[in-house]
Amino acid sequence: MAGGLAYFIPAAQLAIEATGKVIQVTPSPSALFSPSPTPTPTSVPITGAFTVLLLGSDDDSKFNADHVLSQSMILVRVVPSTKEVTMLSIPRDLYVHLSTGGYGKIDGAYSYGGPGAAIATVEQDFNVHIDDYIWVGLLGLIKLIDALGGVDVVTSNPVFDDYYPADVIDPWPYDYQRVAVLAGPQHLDGLQAMQYVRSRHGDLQSDLGRSQRQQQVLIAIRQKAKQLSPEDLPRISQAIGGELKTSIGISKVAQMLPLAASFDNPDAIRQIILASPYTHGGAPGGSLYANWNAILPLVQQYFP
Amino acid sequence: MIQRVVLALFLAVVMLFCGVSTYLYLGTKQSKIAAPPQKPTVSTPRPQAFVLPGTLYLTQSGAIYSLSSGRFHQLTAEAGWSEPALAPNGQYMLAIKNGGYWSDVFALDLFGNIANQLTSNRSATGMTDPSLDHWSFYPRVTSDGTLWMTYDGLKCDGCYDVQLAIWSMPYGAPIRQARAWTDGGYYSGGDVQPIPVGGGVIYTKYSYGPDGKLVGQLWYTGRAGSYGRALTDPGEDCRTPSLAPNGTEFAMICTYEKQISYLTVASWDGSNLGPRTNILTTQMVAQPTWAPDMSGIAYLAPGSPDGPFQLWWLPKAAYEPPPPSPLPSPTPGGPHNGPLPSPSPPPPVPPVKPIQVTTNNGFDATSPMTWRS
């Protein structure tokens, strides 16, 4: 008993520190977002559809730890009954009405008001209900993938970047480095996967191009995670400690594990990128205007 | 009193033992997904090692290995080496050495010793502006002494694009004698993996398909600077061409814009590719390489689901089944009374499956392999 408790201490610590985060939603919590109901301790399989907002941030020393941008925002809707998964990447440069007031790039919402503001902004602009969020930091993704032993990805094209941020390997976070990720099927470690999903200078579609790559790596992580056993949780927890936050309670995580394992066809995952005609350039500060007339019906269809 | 103390001590020892045992036991129940790959030379010779013909050269963790008679030999240190490519005479090989911000083409002897450095892509300015460095990849040399490679020599001012294009130059000549055969596209990933054929070159061109996604296509260009023509459709998303030793077939990878990777073959008449045939659709296949005697195709693919890439072998019988043996004809002789006996059908031929040659390695799936007879 004592040995078992000691073994799972790191996982329990992460569960306490990172999961079940209470969200302070701005500006009107009751209208915009209702925190998840307190999960029951039993591990009842999830049957109803739910939507999660995935947030990824550069949280290196360039940024104040409490005011990072959410450079990756992906809405994920899971329908357990039909085993449907839909991923919609929201361009970080989308020019929107922020829940905290005023207009700006959507990646600033997290910086101004944390996950609550990010969720409220997405909910009010996309007219969608979000049940939970998961935030992961820059090093968190690297450590998670390394803790999984790497992921297999068919990288769709060579990703070369002469101005890739050297913030992970360099003590001076404003330096650049060259990165070269060759194309084709390969086994990526955490650092290589991060380079693949983060680089945007060599892609005509810039942030939209890397959104596609982010979705590829997310699917690969999900595939690899299916092989985890409960005994792996302490090691994974130690690896990503401090780089992960979520509103999902630990008991709900337990309910999700068998659900994740039951989705065995990655090609059945619907991937949506808001490229043209859903967005177009010309907005202030190099941001993107949204074509809401096209976006909202799409969101209504896949995130009812 | 003493008995109670002894009992307490006993229980404490039991608790400690059980606690530690439980802790250690749970540790052993972890999955093996994060176990690091073994070096190919570990436990050589491998028991029941599958023996491939000739010598195969491949890469793991920045070192080049040879596989001959079922044994792996490490030819170079783990120092950024990859993409070995034998010279046509089989007496030496080209390889890439990656310096982190640049990469160079070297000529190595068959034991991995450096014979020549053929490019010098590190900028003289050092690390002040990394974009002044250059990349070379996928080197090939033809019997006429021409070095082919992917090279990012077309730099445009103010651009972020790293224009990987197909270049050729006389073997051993300075880089200023190199000329670009292609332009590398525009923010598309570029042109890579040159395979010299006849007077031209086949390569993988990355460009934006009709649906706006970046896709790979096999492409042919007959002369430097010409636009060339596509050999495969954008929707097939094919790459990694590998020419058979007899020059009449190509193996390649086609991914159909998904996270799949089919091993595909097509005939080659010197000008056009024939219909594509997917001969492996159940694995994430990389780097198909024809055996010198055409007895099969070696490739890399995960040995376990989503694991590191291992060496696999697909015998020729798997994709070119032997022709059916002729049906037995009636015995000639005198007049036959009654109906002819119907010939019994040939026994069903069991399907030939790929053979997994290694189990615990982690070969570089982006590095082509090369094979010497």
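Reply:

**Where chain A meets chain B**

Across the interface of chain A and chain B, twelve residue pairs are in polar contact, with both residues of each pair at pLDDT 80 or more. Keep in mind as you look that this is a predicted model.

Which parts of chain A do the touching? Helix H1 (2-7), helix H5 (138-147), strand S7 (151-155), strand S8 (159-165), strand S9 (176-181), strand S10 (184-188) and helix H7 (206-225) of chain A each give at least two residues to the side that touches chain B. The largest share, five residues, comes from S9(A). Sorted by class, this side of chain A holds 19 nonpolar, 19 polar and eleven charged residues.

Now for both sides together. In the model, 49 residues of chain A are in contact with 56 residues of chain B. The size of an interface is often given as the accessible area lost when the parts come together. Between chain A and chain B the buried area is about 4400 Å², and carbon and sulfur atoms give 60% of it.

How many salt bridges are counted between chain A and chain B? The count is one. To find it on your screen, look for A:Arg178 and B:Asp152, whose closest N and O atoms are 2.9 Å apart.

H7(A) packs with helix H6 (residues 190-198) of chain A at an angle of about 145°, and the two axes are 7 Å apart. On the H6(A) side you will find A:Ala193, A:Tyr196, A:Val197 and A:Arg198, which meet A:Arg210, A:Arg213, A:Gln214, A:Gln216 and A:Val217 in H7(A). The residues of this helix contact divide into four nonpolar, two polar and three charged.

Finally, how confident is the predictor? The model scores ipTM 0.87 and pTM 0.85. Chain B averages a pLDDT of 89, with 88% of the residues scoring at least 70. For chain A the mean pLDDT is 82, and 81% of its residues reach 70 or more. Among the elements of chain A, S10(A) has the highest mean pLDDT (97), while helix H3 (residues 29-32) has the lowest (35). Over residues 26-43 of chain A the pLDDT is below 50, although this stretch has 31 contacts in the model beyond near neighbours in sequence. Where pLDDT is low, the predicted coordinates should not be read in detail.

Definitions and conventions
Residues are numbered from 1 along each chain as its sequence is written. Chains are lettered from A and ligands numbered from 1 in the order in which they are written. This is a predicted model: local features need pLDDT of at least 70, side-chain atom pairs count only at pLDDT 80 or more; totals for chains, interfaces and linings use all residues. Side-chain values use heavy atoms; hydrogens and water are left out. Contact means heavy atoms within 4.5 Å. Buried area is the accessible area (1.4 Å probe) that two parts lose on being put together, summed over both. A salt bridge is a side-chain nitrogen of Lys or Arg within 4 Å of a carboxyl oxygen of Asp or Glu. A polar contact is a pair of N or O atoms within 3.5 Å; within protein, one must be able to donate a hydrogen and the other to accept it, and residues adjacent in sequence count only if both atoms are side-chain atoms. Helices (H or I, at least four residues) and strands (E, at least two) are DSSP runs, numbered from the N terminus. Ala, Val, Leu, Ile, Met, Phe, Trp, Tyr, Cys and Pro count as nonpolar, Asp, Glu, Lys and Arg as charged, and the others, Gly among them, as polar. Axes are lines fitted to C-alpha atoms, for helices over the stretch in contact, and angles run from 0 to 180 degrees between N-to-C directions. pLDDT is the predictor's confidence in each residue, from 0 to 100.
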